[in-house]
Amino acid sequence: MSMDNREIARMLDETADILEILGENPFKVRAYRKAASNINRLETDLREIWAQGRLGELPGVGKAIRAKLEEIMTTGDLRYYRELQKKVPPGVTEMLAIPGLGPKTIGSIYTQTGIDSLEKLYQAARDKKLRELPGIGAKTEYNVKKGIEMLRSLGETVTLGTALPLAEEFKDYLKGYDYVEAVEIVGSIRRGKPLVGDIDLLVASNSENLVREAVKRFRRLREIGKESQGYIAGKLGLGVDFEVIIVSPSDFCLAVMLATGSRGHREKLVQEMEGLDVSGASTEADVYGLLSMQFIPPELREDRDEIEQARQHCLPELVKLGDLRGDLHIHTSWSDGASSLEEMVAAARRLGYSYMAVTEHSRSLSVSRGLDEERLMNQVRAIQEINRSLDDFTVLTGIEVDILKDGRLDLPDEILEQLDVVIASVHSHFRLSRQEQTERIISAIKNEHVDIIGHLTGRLLLRRPGYEVDVEAIIEQARKFRTALEINSHPDRLDISEEVARLARDAGVKVAINSDAHHHADMSLVTYGVLDARRGWLRKEDVINTLETGELLAYLRNK
DNA sequence: GCCGTTTTCGGCCCGACTGTTTTCAGTCG
């Protein structure tokens with residue numbers, strides 16, 4: 001079987017997981033993780049790089065990993081990885097997802113008890129057996145139980161960041177056949193939900209048998225599941241389920257609409273359609289038109305009040321990717337970014353931006369090589385130097401300053417006031433009480449130099465819930481002090497969430513859609529942030545980085 | 001396991017918190 005970059009990266013990452021549980025040299029573990037993350041971000045197919053004999057040129061790929069990549073290229077598998085899996089079964093590495101439980105503890109549990117699945121671990125925790133092991137007490141046992149319950153509640157979902165690129169590749173593949181008249185991604189992916197259960201594709205074709213055969217030849221296919229007339233389901237690489245529904249071209253438009261959902265939205269539509277002949281409609285807009293409604297963008301079809309608003313023709317005009325004029329949250333190799341300042345500027349210009357703000361971590365975040373005053377001022381001078389050589393692009397100075405435990409900021413006001421953009425973010429003390437956490441963030445909001453609050457809740461999808469904060473109180477203060485909230489676009493974060501985004505909008509609080517890129521390739525992740533914003537009903541005027549350079553600078557100065 | 005205009009060997013990201021202990025290992029960002 002052939003694996004794509006992301007599957008190969010996944011295999012290296014899982015190798016790192018196992019090595020970590022086995023107690024291997026942490027630097028070796030990190031080497032595998034680094035190689036995996038670099039491969040994940042490649043824009044070129046690894047196979048192509050291999051064909052050119054250039055695998056060794058990839059950063060983080062030395063002699064040993066190159067040999068493993070070559071084995072994957074030629075055999076489609078990796079013996080080293082299979083051998084490691086025999087020592088540490090997949091059910092054991094899954095335990096790494098439990099918050100507070102790390103490789104050492106997992107290794108010790110597994111070697112001492114042989115527990116090799118989340119299910120068995122849960123039973124052991126419930127039966128109070130875990131606390132009998134050395135180094136594990138009642139508290140850890142309780143956290144294990146809670147952690148597994150949290151993981152269960154997530155169900156069998158994957159992030160949009162995993163599913164969407166795969167869905168698009170599938171769609172493009174099927175579109176290439178001349179007997180396929182149209183393909184559309186439908187279901188929750190089309191609506192831009194941050195977590196999705198599977199990939200749903202709708203195909204318009206008069207040759208449903210040929211389409212099913214084509215599906216079976218898709219290079220990302222892993223297994224075929226149910227199959228029937230006009231329908232085929234199964235599993236793709238990365239373990240993502242899919243369903244393909246094939247309809248005749250004349251039924252396509254209405255079928256797309258119904259299959260896009262959500263269920264609640266669809267049910268209301270069907271009610272509206274009763275007694276109405278919509279068979280002549282060739283676009284979704286036509287159908288909504290026949291129902292005397294505005295076209296409802298898929299991101300809004302969540303059965304909130306979109307149908308009512310569409311009927312009254314007062315749906316907002318949602319912000320679009322093309323509205324973004326710049327990115328206000330960027331890291332470079334000055335702190336923990338993987339790309340140089342120059343590479344990030346080049347990437348921003350390729351995206352057609354007019355500006356970007358360099359916002360490194362501040363000194364308290366020493367893991368990330370956070371900047372102290374001196375290095376920050378050196379960077380400001382470097383940025384001024386770059387700006388002198390650019391006439392159609394502005395690099396803004398900035399910082400992602402740490403909000404300390406007591407709500408003070410990690411850098412003094414005299415420094416912050418010299419910067420164009422100040423983002424304040426929480427990176428520590430996640431377990432404060434809701435009130436303490438809220439007060440801490442509010443004191444950052446009140447600082448006159450703080451322009452944006454970064455990733456407000458710190459949530460990581462499928463990994464950890466956000467910390468407890470009083471969102472309403474924060475929005476109220478953000479409105480009062482004219483501080484914007486960030487939509488952190490990383491598909492694992494999408495923080496603030498669509499719900500909070502809509503609350504912010506309704507309160508008149510501005511939002512910044514940022515990439516938080518640590519690598520030049522990650523600047524394009526704003527597509528996910530834009531989906532989040534659209535699901536939060538945001539318009540262009542709600543988003544500060546849709547402003548032109550001059551307008552933005554004026555806005556920041558008036559803050 | 002990777003990397004090198006300080007090095008082909010010896011570094012590589014470190015400090016704080018948590019829960020377990022009773023002086024510290026493990027986890028996290």
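1. In this predicted model, the contact between helices α20 and α21 is made by T438, I441, I442, I445 and K446 on the α20 side, which meet A473, I474, Q477, A478 and F481 on the α21 side.

2. Two packed helices are described by the angle between their axes and the distance between the axes. Here helix α20 covers residues 434-446 and helix α21 covers residues 471-481, and their axes come within 9 Å and cross at roughly 10 degrees. Because angles under 35 degrees count as roughly parallel, α20 and α21 are described as roughly parallel to each other.

3. A second salt bridge joins R33 and E20, whose closest N and O atoms are 2.7 Å apart. Since R33 lies in helix α2 (residues 26-40) and E20 in helix α1 (residues 5-21), the pair ties together parts that are 13 residues apart in sequence. R33 is partly exposed, with a relative accessible area of 26%, and E20 counts as partly exposed at 27% relative accessibility.

4. What separates E70 from R66 along helix α4? The two residues form a salt bridge with their closest N and O atoms 3.9 Å apart, and because they are four residues apart in helix α4 (residues 63-75), they are separated by about one helical turn. E70 has a relative accessible area of 31% and is partly exposed, and R66, at 33% relative accessibility, counts as partly exposed as well.

5. These pairs should be read against the whole structure, in which a search finds 51 salt bridges. Salt bridges also link residues into a network, whose members are D4, E7, D45, E169, R219, R220 and R222.

Key
Residues are numbered from 1 along each chain as its sequence is written. Chains are lettered from A and ligands numbered from 1 in the order in which they are written. This is a predicted model: local features need pLDDT of at least 70, side-chain atom pairs count only at pLDDT 80 or more; totals for chains, interfaces and linings use all residues. Side-chain values use heavy atoms; hydrogens and water are left out. Axes are lines fitted to C-alpha atoms, for helices over the stretch in contact, and angles run from 0 to 180 degrees between N-to-C directions. Helices (H or I, at least four residues) and strands (E, at least two) are DSSP runs, numbered from the N terminus. Angles under 35 degrees count as roughly parallel, over 145 as roughly antiparallel, 65 to 115 as roughly perpendicular and the rest as oblique. Contact means heavy atoms within 4.5 Å. A salt bridge is a side-chain nitrogen of Lys or Arg within 4 Å of a carboxyl oxygen of Asp or Glu. Buried means under 20% relative accessible area, exposed over 50%, partly exposed in between (1.4 Å probe, protein chains only).
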